[in-house]
Amino acid sequence: MLWRSQRRAGGSPGPIAKPPARALGRGTHKISEGGRPTSEINDTRLHGVILRGVGSFYTILGDDGATYTLRCKKNFRHRRLTPLAGDEAFFVPGGGEEEDGWLEDIGPRRSGFIRPPVANVSLMLIVVAPEPEPDLVLADRMMAMCRMQEIRVALLVTKCDLDASLAERLREEYASADCPVLAVSGQTGEGVEAVRALMRGEVCCLTGQSGVGKSTLLNRLLGTELETGEISRKISRGKNTTRKAELLCVDGLRVMDTAGFSLLEFGEVMDPVKLKEAYPEFAPLEGKCRFQPCYHDAEPDCAVRAAVRDGEIHPKRWARYRALLGEVRETWRNRYD
Ligand SMILES: Nc1nc2c(ncn2[C@@H]2O[C@H](COP(=O)(O)OP(=O)(O)OP(=O)(O)O)[C@@H](O)[C@H]2O)c(=O)[nH]1
Ligand SMILES: [Mg+2]
Ligand SMILES: [Zn+2]
């Protein structure tokens with residue numbers, strides 16, 4: 001049933017449950033756990049990071065600062081392992097025009113997603129904008145998936161030149177969610193320095209619906225010339241402007257641009273009681289409800305409900321939690337189908 005519901009949702013499962021690296025092999029669409037521990041790899045191969053993959057070719061940034069285009073060894077397919085942007089790479093460079101270079105192995109993953117297809121992200125920047133209309137269930141689902149892999153999250157509210165009130169509203173909704181909310185504009189440059197400061201030292205990834213302005217913001221931040229697209233054209237074409245996840249390393253910043261999407265499912269069959277662990281605002285209240293365990297849903301004398309009533313947790317954030325809980329419960333009920 002999980003398989004069916006995943007297909008209905010038009011896509012791949014999300015990521016993994018704890019512990020991060022080990023769980024990556026489970027699920028219907030496998031995202032594998034990555035290569036062997038670095039300690040076991042002892043040879044003359046070069047080392048670097050995967051910037052992007054196109055077909056069976058990968059572009060790698062070597063530790064020497066050079067970029068290499070490499071073919072992917074067939075054994076990855078046998079291991080049901082797809083190298084991703086952000087993966088640590090072990091490779092043998094080619095010997096000129098005649099001789100291909102090879103991507104031979106990847107390091108163990110600290111985190112991984114199928115959608116967007118990226119590895120080793122430490123800070124997920126979830127991008128929303130006044131247009132297209134924000135889908136906060138999508139944002140909260142991504143946020144929960146990140147928490148489960150111990151990835152930090154921030155909300156970037158772009159196009160603040162069009163409407164500054166969205167960021168204000170979201171600051172209230174996420175006040176106790178351990179998630180900074182930054183107003184920014186790729187058009188005017190407003191707020192860009194604060195985003196840059198947040199990104200320092202992290203492996204970042206911009207994710208969110210198509211057309212929110214991820215590539216525009218990166219162009220402003222990094223001085224790159226990533227392709228961007230009009231929203232009206234996107235809708236009529238029904239396509240993303242950015243098609244591939246790509247890691248950009250510029251001025252000491254490491255950040256991935258990814259293709260936008262509007263559907264996302266929890267990839268793992270997850271015990272519904274685990275979902276609440278992805279909500280930092282619930283943590284201080286754990287153990288204070290009448291029932292144990294409590295799903296913080298409709299139970300009487302629930303401390304989370306009381307906190308919502310008292311204005312400590314935003315009612316909209318809780319309502320979206322309950323919607324996601326309903327989904328996780330349905331998948332759990334159908335887990336043996
Ligand atoms: N007014 C305004 N428009 C913006 C801003 N950022 C992006 N846009 C516009 O929004 C549209 C989409 O921008 P993109 O950067 O292509 O969006 P994206 O999130 O990368 O989209 P995908 O690659 O399809 O996922 C373009 O027409 C941009 O000019 C902004 O800060 N302000
Ligand atoms: Mg883009
Ligand atoms: Zn409760």
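The shell around ligand 1 draws its largest share, 3 residues, from α6, helices (H or I, at least four residues) and strands (E, at least two) being DSSP runs numbered from the N terminus. This is a predicted model, in which local features need pLDDT of at least 70 and side-chain atom pairs count only at pLDDT 80 or more, while totals for chains, interfaces and linings use all residues. Residues are numbered from 1 along each chain as its sequence is written, and chains are lettered from A and ligands numbered from 1 in the order in which they are written.

**Ligand shell**
- Ligand 1 is surrounded by 24 residues, the closest being Gly213, Thr216, Thr228, Thr242 and Gly260; a residue is near a molecule if its C-beta atom, placed from the backbone, lies within 6 Å of it.
- At least two residues of this shell are supplied by each of α6 (214–222) and α7 (231–237).
- By residue class, the shell around ligand 1 comprises 4 nonpolar, 15 polar and 5 charged residues, where Ala, Val, Leu, Ile, Met, Phe, Trp, Tyr, Cys and Pro count as nonpolar, Asp, Glu, Lys and Arg as charged, and the others, Gly among them, as polar.

**Barrel**
- A barrel is closed by 5 strands in the order β1-β2-β3-β5-β4, with mixed pairing, two strands being paired if DSSP finds at least two bridges between them.
- Neighbouring strands of this sheet are turned by 55° against each other on average, direction ignored.
- Strands β4 (residues 88–92) and β5 (residues 102–106) are antiparallel and share 4 bridges, and Val92 has Trp102 in β5 as its bridge partner.

**Open sheet and its helices**
- The open sheet has 6 strands in the order β8-β7-β6-β9-β11-β10, and its pairing is mixed.
- Its edge strands, each pairing on one side only, are β8 (181–183) and β10 (246–250), and the twist from one strand to the next averages 25°.
- Strands β6 (residues 123–128) and β7 (residues 152–157) run parallel and are joined by 6 bridges; the bridge partner of Val128 in β7 is Val157.
- Helix α3 (residues 136–148) packs on this sheet and touches β6, β7 and β9 (203–207), its direction making about 180° with that of β6; contact requires C-beta atoms, placed from the backbone, within 7 Å.
- Helix α6 lies across β6, β9, β10 and β11 and runs at about 160° to β11; axes are lines fitted to C-alpha atoms, for helices over the stretch in contact, and angles run from 0 to 180 degrees between N-to-C directions.

**Gly267**
- Gly267 belongs to the loop between β11 (253–257) and α8 (303–309).
- Gly267 counts as buried because 26 other C-beta atoms lie within 10 Å; the cut-offs, with C-beta atoms placed from the backbone, are 20 or more within 10 Å for buried, 12 or fewer for exposed, and partly exposed in between.
- The C-alpha atoms of Gly267 and Ile114 are 8.9 Å apart, although 153 residues separate the two along the chain.

Methods. Two residues are in contact if their C-beta atoms, placed from the backbone, lie within 7 Å.
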